[in-house]
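Thank you for passing this entry along for comment. Below the display I set out some points to follow by eye.

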Amino acid sequence: MQPNEVSAILNKTVKLSREMNEALQRRRDVYYGISLHTTGACPAFRDLNSGGVIYPQGYYGAEYQRLFDKHLLSRHPREHDATRNWRFSQYRPLTKAPFAQITEIVTGAIFQDSNYDLQLQDAKDEQFIWGNHFSGHDIIGYFNNIAFRNMVEDPNGLLLRIPAKAGYEQSGDKLHVDIWFINTKDIVLHTDDDLIFLRNGYAWWVDKQTIWRFSYRAEKKEYYLAPEDANGYYAHLLGRLPVSIAGGVWNTQGYYDSYYSKAKAAADDFVSAYSAAQLVDKEASHPFIVEASTDCPDCRGMGTVQQDCDSCPNGLELVSCGGCGGSGQISRNPGQHIIIPQDKLKDGSPIQIINPDVSINAHHRNVCAQVMGLIIEALHLQKTDEAQSGVAKAIDQERLYKFISNISNHVFDKLITDTLRDMIAYRNAGATGGVLHPAEYPFRVVKPTQFRIKTSADLLQEYTAGKQAGIPAFIRKRMAMDFVEKQYSGDAVMKKKAQLITQLDSLSILSIEEITALQQAGAVSDAELQYSRKLPATIDNLLRDKGEYWFLQTDIHTIEQVLLSV
């Protein structure tokens, strides 16, 4: 593709094929369908008094309005405009909470400090990725706070690695590389060879060799290459597009569904069900008064009375009764005291207050609760408590573990790995025979293997059961460290101390009975037992002498040598 062809596409003098537009629209539909719930989008509605349109805080544009209007809160065949706009006005984004909750659980499980590690050979590159260079975050902070949330909302969006400045503006020995998430709503074209999208008031074209930036001329409503960008924004020369598809659950129709897609149908249904429940509560749950028909004494039930009229032939005319307003019946004030015979206070009471049957209201509420339960189940948010059986609790935790593990593997094996590879290539380009080439060197990505979705009590119970079952000591060491990581997740010193003791002291996880049995068998010496008992106090003394910073920054082998010299 050539720059003039890209300009033609941007300025719509050349149209994309129907198949390409339909494929792109399917991907956008995924984004709007999920993000409606995750962002808490709300519909606009017409104010019946002023006739104006009210845009609530959660109004995010016409696409979301279309979903509410045509699908989630579509018009009932006998529904009037007043009722419909009232339903729109009463909408609250109740489905946002469970989606936000699972996001907090997943990101908390994946991006715990002790769960992962990224190691680059070049010190400057490693310093760069751990600096706040990516929308105010380091690389893991970016994936935790920005990339992941975009990924689950827009699985067909793209992560683009791009220089922060144009090639002709670069200075310094190392390139500053930024990460952009490109939403599908901003993508104009995406193939294996080319990417065209809109961002920051520009149009961008990325091919396998170069990134191009097109400016916008408002007076002519057209995109064009400015003189400074005539040769491209930056020549990356990677031989590939520096992008990764955000990813999710592959749909055989040729696009990705969100990792949250299993909950979408239930969330959509909840919007409709809850709106119906609100309407029933408003219309059918209030008590009403039934009053016996009583003729007005002034007009005797006729609704009209005679009054003098000088211009009338017979000197009288009929006018509406002022006592009953022309209805012919008495309308009583609810606060008025009415004196009636005693026998009228029983079955023949002239006034009755009727409490309507609210079973239909209860039915609607039960439906809403059931649908919300489906959302919670689909998002693996079942509440596990003491009332739940051990088997059911284990199954729920296993499902959540697999769900988090699948996401974690994709983030680290694909997205972060691709990002580091492109950053290394950008920042370490070199010339061979006068030709610039991107560089490559090995790097290490250690992805999480434990997500600690169990509570401290669960881990302690497992450790106790494992010890009673006679599980080998090396496995119990790992179980003990899992407990420490969970119980003291914010205490780096305590975690380092526990790690040090379990590695240096083979007796640390044995019970008194086990140690006594080993002593009787001659497998443990008095010196080993004395070392085991003194080690925690020796480490505490070392902490006081050297300080916490030294303790945390020093490797275990060095600390061991210092302890041996004490």
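The points below go from the whole chain to single contacts.

1. This is a predicted model, in which local features need pLDDT of at least 70 and side-chain atom pairs count only at pLDDT 80 or more, whereas totals for chains, interfaces and linings use all residues. Residues are numbered from 1 along each chain as its sequence is written, and side-chain values use heavy atoms, with hydrogens and water left out.

2. The protein has 17 helices and 21 strands, these being DSSP runs numbered from the N terminus (H or I over at least four residues for helices, E over at least two for strands). Of its 566 residues, 40% count as buried, where buried means under 20% relative accessible area, exposed over 50% and partly exposed in between, with a 1.4 Å probe and protein chains only. Among contacts with a separation of 6 or more, 66% come from residues 24 or more positions apart, a contact being heavy atoms within 4.5 Å.

3. Helix α8 (residues 264–284) and helix α9 (residues 359–378) have axes that come within 9 Å and cross at roughly 160 degrees, which makes α8 roughly antiparallel to α9. Axes here are lines fitted to C-alpha atoms, for helices over the stretch in contact, and angles run from 0 to 180 degrees between N-to-C directions; under 35 degrees counts as roughly parallel, over 145 as roughly antiparallel, 65 to 115 as roughly perpendicular, and the rest as oblique. The residues that meet include Phe270, Tyr274 and Val280 in α8 and Ile360, His364 and Leu374 in α9. By class, this contact of α8 with α9 has 16 nonpolar, two polar and three charged residues, with Ala, Val, Leu, Ile, Met, Phe, Trp, Tyr, Cys and Pro counted as nonpolar, Asp, Glu, Lys and Arg as charged, and the others, Gly among them, as polar.

4. The axes of helix α12 (residues 473–487) and helix α13 (residues 492–504) come within 10 Å and cross at roughly 170 degrees, and α12 and α13 are therefore roughly antiparallel to each other. Lys477, Met481, Val484 and Glu485 of α12 make the contact with Met494, Lys495, Ala498, Gln499 and Thr502 of α13. By class, the contact of α12 with α13 has four nonpolar, two polar and three charged residues.

5. An open sheet of three strands runs in the order β5-β4-β12 with antiparallel pairing, two strands being paired if DSSP finds at least two bridges between them. Its edge strands, β5 (177–182) and β12 (243–245), each pair on one side only, and neighbouring strands of this sheet are turned by 20 degrees against each other on average, direction ignored. Strand β4 (residues 158–163) is joined to β12 by three bridges, and Leu160 stands opposite Val243 in β12. Helix α7 (residues 139–153) packs on the sheet, where α7 touches β4 and β5, and its direction makes about 25 degrees with that of β5.

6. Is Asn150 buried or exposed? Asn150, found in helix α7, is buried, with a relative accessible area of 17%. Leaving aside residues up to four places away in sequence, Asn150 touches Phe181 and Asn183.

7. Strand β3 and strand β21 (residues 443–446) run antiparallel and are joined by four bridges, and Phe443 in β21 is the bridge partner of Leu120.
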